[in-house]
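Notebook open, viewer loaded. I want to look up a few strands and one bit of the surface.

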Amino acid sequence: MHEKVRQVIWRQKILKRWQEYLGELFADDRRPRPSINKTGGIVILKDEVEQAIQSLSRGKATGPDGIAMEMIEALADFGVKTITNLANRIYNEGHFPVEMCKPVFIILQKKPSATKCEEHRTISLMSHLTKLVLRILLNSIRGRTTGDVSEEQYGFTPDKGTRNAIFILRMITERAIEMQRDICACFIDYVKAFDKVRHEPLIEMLETLDIDGKDIELIKNLYWDQQAAVRIDGALSEYVNIERGVRQGCIMLPDLFSLYTEMIMRHIKELKGFIIGGVNINNLRYADDTALIADTEEKLQNMMNEESEMKGLTINKRKSFVMVFTKKPVTPPCNVKVKGEVLEQVSQFQYLGSMLTSTGKCDIGIAKT
């Protein structure tokens, strides 16, 4: 009996620590929710609901409500009608029911014998009904925002992938070396990028796009109302407010994050990088993996602006590196600084799974395959 009591007390301590960790991770000096001019709007149709149901994956873990996609699908026409009415009510009121704004996190170790919270990966389980409504909303706004994401973003983009970003970077480095020119590149790693997105700039960014006010109102309230808890061995911690970060596991995460980082990168759009075919290329991105490109150290340093810090994204100085691609026998130094600290310069770097070397050759990458 005493052993069971000790286990219960120990589990409560673990849940309490996870509750504190979530509170620290997602805490922000976020102001009260801004007011939105609720213009425009749509009427959600049965066909849209049916399409959304068909588009979502099956066999996924359920959220706190225990409703699986297979259960929704089994309801057939009755389920479609019911969800259509619910979705229209949510959309017109601009609020999700409280229960639909409360995902539950489960935790997985990043490495064996992990003891600290940051050594674990959190997986968000959210209501499939919430995913359905957000899928419909995303289908409504995606056509209006496609042109707002630049060609330099290769993540979360149809018909693009890591292969495209790798190919473009290799083409740039090979062309530069052929022309006897050096290329300076900085490979940036952001600290928990998706969890650090600030909600106020996110909503301000959405208001600058061609999106109906009612759509923005629903997204805003979802982010201001959301809370989360951690589940361990069937026990649930207390819920904490989530004041920053794009919702993990959310249907809209890829689009919202791409638009958010686009707002940051616009500040370097006109800065000179490397001109190829008359086109100025100064960055390549795959989701949050960012490579800045310039033909001099000074130009590269100018791109290392503080705009990302203002928007909540902090550069990880230990995991961000500088490379110089050159044909010279001795690689020139490139002292790029972040907050006064010089980033480490390396002679080879694994970029999106492909090994790059300062000589621009593929020997190492080919040997490893």
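This is a predicted model: local features need pLDDT of at least 70, side-chain atom pairs count only at pLDDT 80 or more; totals for chains, interfaces and linings use all residues.

Which way do F321, M323 and F325 point from β11, and which way do V322 and V324 point?

Entry 1, the strand itself. I looked along β11 and found F321, M323 and F325 pointing one way, with V322 and V324 pointing the other way. In a regular strand, side chains alternate between the two faces of the sheet. I then checked how covered β11 is: this strand spans residues 321-325, and five of its five residues are buried.

Entry 2, the neighbours. I found β3 (residues 183-188) running antiparallel to β11, joined to it by five bridges. One pair I wrote down is F187 with its bridge partner F321 in β11. Strand β14 (residues 344-345) runs parallel to β11, and two bridges join them. There, V322 stands opposite Q345.

I traced five strands in the order β9-β10-β3-β11-β14, and they make an open sheet with mixed pairing. β9 (283-286) and β14 each have a single partner strand, so one side of each is left without a neighbour in the sheet. At the β9 end, I counted four bridges to β10 (residues 289-294), in the antiparallel sense. N283 stands opposite L292 in β10.

I spotted a patch of positive charge where K110, R121, K192, R318 and K319 gather. K110 is partly exposed, with a relative accessible area of 45%.

Definitions and conventions
Residues are numbered from 1 along each chain as its sequence is written. Side-chain values use heavy atoms; hydrogens and water are left out. Patches are made of residues with over 30% relative accessible area and no salt bridge: like charges are joined within 9 Å, nonpolar side chains (Val, Leu, Ile, Met, Phe, Trp, Tyr) within 5 Å. Accessible areas come from the Shrake-Rupley method with a 1.4 Å probe; for residues, only the protein chains shown count as cover. A salt bridge is a side-chain nitrogen of Lys or Arg within 4 Å of a carboxyl oxygen of Asp or Glu. Lys and Arg count as positive and Asp and Glu as negative; His and the chain ends are not counted. The place of a charge is taken as NZ of Lys, CZ of Arg, CG of Asp or CD of Glu. Buried means under 20% relative accessible area, exposed over 50%, partly exposed in between (1.4 Å probe, protein chains only). Two strands pair if DSSP finds at least two bridges between them.
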